Amino acid sequence: MGIVHHANYLVWFEQARTRLCLEAGFHYADIERRGYLLLVTGAHLAYRGPSRYGETVDVACWVERVASRGVTFAYLVSRDGDLRATGSTEHIWVDAGSRRPTRFPADLQGPFARFLPAPPPGPE
């Protein structure tokens, strides 16, 4: 059909999320060495237009929501300004040793919060 398989979008989301971690100052492997895992608990993907084989797409990623034990990332896939897909993934922080949910590591909150969208301007 010449259309990129739908599963590739989730791979692109992961690549963009990994890049965001790097931009926050932490390679994902560094986070794991600190004793934390960031497990995916949900994923949402909405197709807006086809991506075709051989095309290069841009994937934007940002932190949509931060909670005491989790984080939600949002994504936008486009090509030359043409929207191809939007989506989000939900994650929970887990202690690597016990595999039990844990609080969002305090030293990582600030770096990830930088990628939250700016709040809308308040009334004047």
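The model is a predicted one, and residues are numbered from 1 along each chain. The largest nonpolar core has 24 residues, and within this core Phe73, Trp93 and Phe112 touch the most other members.

- Leaving aside residues up to four places away in sequence, Phe112 touches Leu20, Cys21, Ile31, Val63, Phe73, Trp93 and Phe104.

**The strands and how they pair**

- Strand S1 (residues 36-47) pairs with S4 in the antiparallel sense over 11 bridges, and within this pairing Ala43 has Thr89 in S4 as its bridge partner.
- S3 and S4 also run antiparallel, joined by 10 bridges, and Val71 stands opposite His91 in S4.
- The hairpin of S3 and S4 has two residues between the strands, and Asp80 in this hairpin takes a positive phi near 50 degrees.

- Arg84 lies in strand S4, and Arg84 counts as buried because its relative accessibility is 7%, where the cut-off for buried is under 20%.
- The residues that Arg84 touches, not counting those up to four places away in sequence, include Ala46, Tyr47, Arg48, Gly49 and Pro50, as well as Glu55, Val77 and Arg79.

**The buried side of helix H3**

- Which residues of H3 are buried? They are Leu108, Pro111 and Phe112, and because they cover an arc of only 95 degrees around the axis, they lie on the same side of H3.
- As a general point, an α-helix has 3.6 residues a turn, so residues three or four places apart point the same way.
- The cover over the buried residues of H3 includes H1, helix H2 (28-33), S2, S3 and S4.

**Two loop residues with positive phi**

- Asp80 has its place in the loop between S3 and S4, and its phi near 50 degrees is a positive value in a residue other than glycine.
- Is Asp80 buried or exposed? Asp80 is exposed, because its relative accessible area is 71%, and exposed means over 50%.
- Arg99 lies in the loop between S4 and H3, and although Arg99 is not a glycine, its phi is positive, at about 65 degrees.
- Arg99 also counts as exposed, because its relative accessibility is 58%.

Technical notes: Predicted model: local features only at pLDDT ≥ 70, side-chain atom pairs only at ≥ 80, totals over all residues. Heavy atoms only, no water. Core = buried A, V, L, I, M, F, W, Y, C linked by side-chain atoms within 4.5 Å. Buried < 20%, exposed > 50% of the residue type's maximum accessible area, 1.4 Å probe, protein only. Contact = heavy atoms within 4.5 Å. Pairing = 2+ DSSP bridges. Helix = DSSP H or I, 4+ residues; strand = E, 2+ residues; numbered from the N terminus. Arc of directions from axis to C-beta.
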